[in-house]
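Please keep the sequence and the model in view while reading.

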Amino acid sequence: ERDTIFSRNISNLSKSSTGSEKKMSREHSGGHLWEELRDRMITLALDSPAVDKYGDVITNKGACIRFLKSAKGKVDRAEEIFKKHLEWRVEYKLDAVVFEDFSDLKKHQELYWGGRDLDGVMTFMWRLSKHDAKHTPAARFVRFFVHQLECGLRTSTDYPNTRFSFCVDLSGMGYNNVDQEMYGILQ
C-alpha cells in the first residue's frame with residue numbers, strides 16, 4: 001500500500017513538472033534510480049557509522065526518492081546529500097532530542113502540532129507573536145524547534161516520509177518577537 005501511495009504522489013507531481021522531472025518520476029516509480037541509491041547507501045554503511053546507524057532510512061524507498069528529487073535525479077549528488085544528512089543526524093543527536101525536556105517552552109504554545117488538514121496531512125504551527133527572543137537563547141530554541149518537529153513526525157506511520165504542512169502565524173507579531181540569531185541558525 002505504501003508503494004502505491006508513493007507512486008501516486010510521484011505521478012501527481014509529474015503532472016506539472018518539466019520534461020526532465022517527468023522522466024525522473026517515471027524512473028523513480030519504475031524503481032531504477034531509487035534502488036541504485038539504496039544500494040550505494042548500503043555499501044557506504046559498511047564504512048560509515050553514521051550511515052550504518054540508519055539502515056531503516058537508507059533502505060526506505062520514499063526516503064531515497066526524496067533525496068533523488070532534491071538532487072534532480074542525479075544519484076551521485078543524492079548519495080552525497082543523503083550521507084551529509086545522516087551525519088548531521090548523528091552530530092546533532094537527533095535521536096536524543098526527542099527525550100529532552102522543553103516543558104518551559106511548550107507552555108507558551110509557540111510551536112505545536114495543530115491537527116490535520118482535509119487530506120489528513122499533519123499541520124505544524126508556529127505562532128511568532130509568542131516568541132520571546134530575550135528569554136530564550138537562539139540555539140536552545142532551534143533545538144526545541146527540531147524537538148517539536150521530530151516528536152510530531154515520529155507519531156506518523158509513514159515516518160521518516162511524513163508529509164506535513166507548516167503554518168507560520170504572523171498575527172500580533174512585533175519587533176520584540178524578531179530573533180535574527182535564531183533565524184540564521186534555522187537557515
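Rings of Phe, Tyr and Trp (for Trp, its six-membered ring) are taken to pair if their centres lie within 6.5 Å; planes under 30 degrees apart count as stacked, over 60 as edge-to-face, and the rest as tilted. By this criterion the structure holds twelve aromatic pairs. In one of them, Trp88 and Tyr92, the ring centres are 5.1 Å apart and the planes meet at 15 degrees, so the pair is stacked. The model is a predicted one, in which local features need pLDDT of at least 70 and side-chain atom pairs count only at pLDDT 80 or more, whereas totals for chains, interfaces and linings use all residues. Residues are numbered from 1 along each chain as its sequence is written, and side-chain values use heavy atoms, with hydrogens and water left out.

Burial is judged by relative accessible area: buried means under 20%, exposed over 50%, and partly exposed in between (1.4 Å probe, protein chains only). Trp88, with a relative accessibility of 36%, therefore counts as partly exposed. Of the 187 residues in the chain, 39% are buried.

The secondary structure comes next. Helices (H or I, at least four residues) and strands (E, at least two) are DSSP runs, numbered from the N terminus. The chain contains eleven helices and three strands, which follow one another along the sequence as α-α-α-α-α-α-α-α-α-β-β-α-β-α.

Two strands are said to pair if DSSP finds at least two bridges between them. The three strands form an open sheet of mixed pairing, in the order β1-β2-β3. Its edge strands, each pairing on one side only, are β1 (111-116) and β3 (164-169). Axes are lines fitted to C-alpha atoms, for helices over the stretch in contact, and angles run from 0 to 180 degrees between N-to-C directions. Neighbouring strands of the sheet are turned by 25 degrees against each other on average, direction ignored. Helix α10 (residues 138-153) packs on the sheet and touches β1, β2 and β3, where contact means heavy atoms within 4.5 Å. The direction of α10 makes about 25 degrees with that of β1.

Strands β1 and β2 (residues 122-127) run antiparallel and are joined by four bridges. Within β2, Met122 is the bridge partner of Arg116, and Trp126 is that of Leu111. The two strands form a hairpin with five residues between them, and Gly120 in the turn has a positive phi of about 85 degrees.

How is the aromatic pair of Phe124 and Phe145 arranged? The pair is edge-to-face, at 5.7 Å centre to centre and 90 degrees between the planes. Phe124 belongs to strand β2 and Phe145 to helix α10, so the pair ties together parts 21 residues apart in sequence. Both Phe124 and Phe145 are buried.

A charge sits over a ring if NZ of Lys or CZ of Arg is within 6 Å of the ring centre and within 35 degrees of the ring normal. Arg143 lies over the face of Tyr92, 4.6 Å from the ring centre, and the charged end of Arg38 sits over the ring of Trp34, 5.0 Å from its centre.

Helix α6 (residues 61-70) is mostly covered, with seven of its ten residues buried; among them are Cys64, Ile65, Phe67 and Leu68. Just after α6, Lys72 takes a positive phi of about 55 degrees.
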